[in-house]
Amino acid sequence: MTRMMSRPRTRGAVLVAGGLSAVLALGACSSDDDGDGGSADGGSTDCADFESYGDLSGKTVTVYAGIVAPEDQPYMDSYKPFEDCTGATIDYTADKNFEQQILVQAQAGNAPDIAIVPQPGLLQQLVATGAAVEPPAEVGANVDEFWGEDWKAYGTVDGTFYAAPSGASVKSLVWYSPTQFADNGWEVPTTLDELQTLTDDIVAKGDNKPWCAGISSGEATGWPITDWMEDMMLRVGDPDVYDQWVAHDIPFNSEVPTEALDAVGNYLKNPDYVNGGIGDVSSIATTTFQDGGLPILDGACSLHRMASFYASNFPEGTDVSEDGEVFAFYLPGKTADDHPVLGAGEFNLAFADRPEVQAFQTYLSTDLWANNKASASSEATGGGWISANKGLDPANLVNPIDKLSVDLLQDPNTVFRFDGSDQMPAAVGSNAFWKQATAWITGQSTKDTLDKIEASWP
Amino acid sequence: MSESTAHPTPANPVPGATSATMQDVDVAGAVPDKPGPPLAATAKRRLTSPWASLFAVILAVLWTTPTLGLLITSFRPQEDINDTGWWTVLSNPSFTMENYQTVLDPDKSSALGPYFINSIVITIPAVIAPVLLATLAAYAFAWTSFRGKNILFVAVFALQVVPIQVTLLPLLTLYVDAGISGTFWAIWISHTAFGLPLAVFLMHNFMREIPGELIEAARVDGAGHVTIFFRMMLPMLKPAIAAFGIYQFLWVWNDLLVALTFAGPGAATAPLTKALFDLAGTRGNAWYLLSAGAFVSMIVPVIVFLSLQRYFVRGLLAGSVKG
């Protein structure tokens, strides 16, 4: 109790700085046995921001997610200030089977207090079980303040707002080697046409094939192509057509999707363009997505379209920065003014409305948490975590890729769209789309592919 | 009392089975006398053809190669694992203990230690309970008579057909209502329930092989069911118990689905398989740790299997094939 209301010595300091140093102090303390003494000794936790949550001593909130070690540690670290100031205990557990388990547990009445749900489609299924509860009004207000309309819509089911966004990732990125580009005088393209020209320039240079890709990923083999196609849907078509396509208001095998997949095929099925450093077109299907972009490092490949989280696949010690060995540029729009961004993210869905759960849920929707989490990630895993929260201060990010991603998300010109296959029914989004995309890369025609996916729509 | 009932009602409950048992006894009794040695000699001659030995050796090498590769991989540095196959150690040998340090170091979040303990806590009761219950049930099915016995036995056996996935949700709902979800109790009960049908079936078949005369003789001497079960059946059932014990042990030790569903993902009750599953990281980029993790989790089953293997084949053959 006394510890909770610990004296606000650094009062008046910027919120962010307070949160940051608190996390750093706690991070330092948690490495030894006595993690609890951190706030009492450090005296830097500014509990003023937590006063409105009241005294929650002895209360426990359970959190369940699919994010496992080592990325789970920053989550626990970012909960620390809340635990120290309110006295509540946050019990974080995770396993990679989350997406199946959470449904089973929710249906059996055994849901956690808060689940970190990575897909809007799964969110809808969970709400449909009847176990989910609406968040308090403050969460809605926070989301209105810190996120765009588009993000709020992905946390809304049938007109009722359920879940505030948590983390995010940007998928519209092309990985490249800044050193290789500088050596050859290549420029980062700003339109789709320039990307095409760049590709042809690399072919003309003749040292290596320009593109590399890998789509093998266990039972989810094929998903990188679905991301490719979604990105092209946003560029060949426009965000409205994209929404209609995802909602199946236009058939999967109609004109724009056909154009989009052909636009992907223009790169990925062209034997002159792929598969740099790995093999021919068919090697795309047998290369794991983790290995797909590694040939960039030895100059055997120049371009690799993959999400921001790919940064962690490069071996330790790789210089990932604007002038380093590898970096990424924004997969350009049709024109330089078009700025569609494909991405994904997680949402905090609650299954209980006890006061401590609501208080914690509110904390998770604030800019304070986003900044605490970002600095905790920088501290523990060298970054790799971003949020679309507009209150996120880029100063808390250490990783250049994270900064680039946040810039893209926070750019006022950006039109954000969530990964489409994550929103489609499971029979398509996590089944037919993947399988047909794999068949497509190994030789099936675009028409057959789209016809078959259309036929699989429930 | 036992004398008067034992004689008019032979302990063997199934009509017609008595003669079969008698024959078995005759053969069994005759084996040590004369057909034994020639039989064994024939078997030995037939089984020791050099070609057969060669074939067996080739087969053994083929089957062991992947495991050997895994073992070698587990000692290689991360970059080597990511870049090249394990067979390249011949030309470029470099080994490290780092992978094992990472998975065993209690300070690291990927440490397997606590989960190892959990797996043992889960497995031991989940093996003992079904063995105990199944031998008792099998004894009732084999050597006592009561109304509806056959129907009940067929029903128990038929339960093997029910896939456990079907039962996950209803069982979990029951556990939640009873307030034991997320505890070891839920896992123990589930594994026991899932293992029982096969255990009852195996033990029953094994017990039916025991000559009825033995039971009758025991009855004449005044033994009741309890004495017969503990003094005669259990010692004779050792191979069957060991065989089923290994089987159940491997199944429980390697189980992920049951533990995840009924114990939840909490580290307090999660077994080693869950930790192994998560070891590769959220996006699978730490998969190089898996080979080391796999060997840590393999140690216990290998020890159990090697120490009990001589019962394994004998017990399974005795229980299932001849039944």
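Analyst: Let's start with the pair itself. In this predicted model, helix 3 (residues 72–86) of chain A packs against helix 15 (residues 367–381) of chain A at an angle of about 135°, and their axes are 8 Å apart. Axes here are lines fitted to C-alpha atoms, for helices over the stretch in contact, and angles run from 0 to 180 degrees between N-to-C directions. Helices (H or I, at least four residues) and strands (E, at least two) are DSSP runs, numbered from the N terminus.

That angle is why helix 3 of chain A counts as oblique to helix 15 of chain A: under 35 degrees is roughly parallel, over 145 roughly antiparallel, 65 to 115 roughly perpendicular, and the rest oblique. The crossing of helix 3 of chain A past helix 15 of chain A is right-handed. A crossing gets that name if the near helix is turned clockwise from the far one by less than a right angle, and it's left-handed if anticlockwise.

Now, who touches whom? Contact means heavy atoms within 4.5 Å. From helix 3 of chain A come Pro74(A), Tyr75(A), Asp77(A), Ser78(A), Tyr79(A) and Pro81(A). Helix 15 of chain A brings Trp369(A), Asn372(A), Lys373(A), Ala376(A), Ser377(A), Ala380(A) and Thr381(A). Sort the residues of this contact by class and you get 7 nonpolar, 4 polar and 2 charged. Ala, Val, Leu, Ile, Met, Phe, Trp, Tyr, Cys and Pro count as nonpolar, Asp, Glu, Lys and Arg as charged, and the others, Gly among them, as polar.

For another pair to set beside it, look at chain B. Helix 11 (residues 212–220) of chain B and helix 12 (residues 225–236) of chain B pack at about 140°, with axes 10 Å apart. Helix 11 of chain B also makes a right-handed crossing with helix 12 of chain B. Leu214(B), Ile215(B), Ala218(B) and Arg219(B) meet His225(B), Ile228(B), Met232(B), Met233(B) and Met236(B) there, a contact with 7 nonpolar, 1 polar and 1 charged residues.

How far can you trust chain A? Its mean pLDDT (the predictor's confidence in each residue, from 0 to 100) is 87, and 90% of its residues reach 70 or more. Over residues 1–43 of chain A, though, pLDDT is below 50.

Some housekeeping: residues are numbered from 1 along each chain as its sequence is written, and chains are lettered from A and ligands numbered from 1 in the order in which they are written. Local features need pLDDT of at least 70, side-chain atom pairs count only at pLDDT 80 or more, totals for chains, interfaces and linings use all residues, and side-chain values use heavy atoms, leaving out hydrogens and water.
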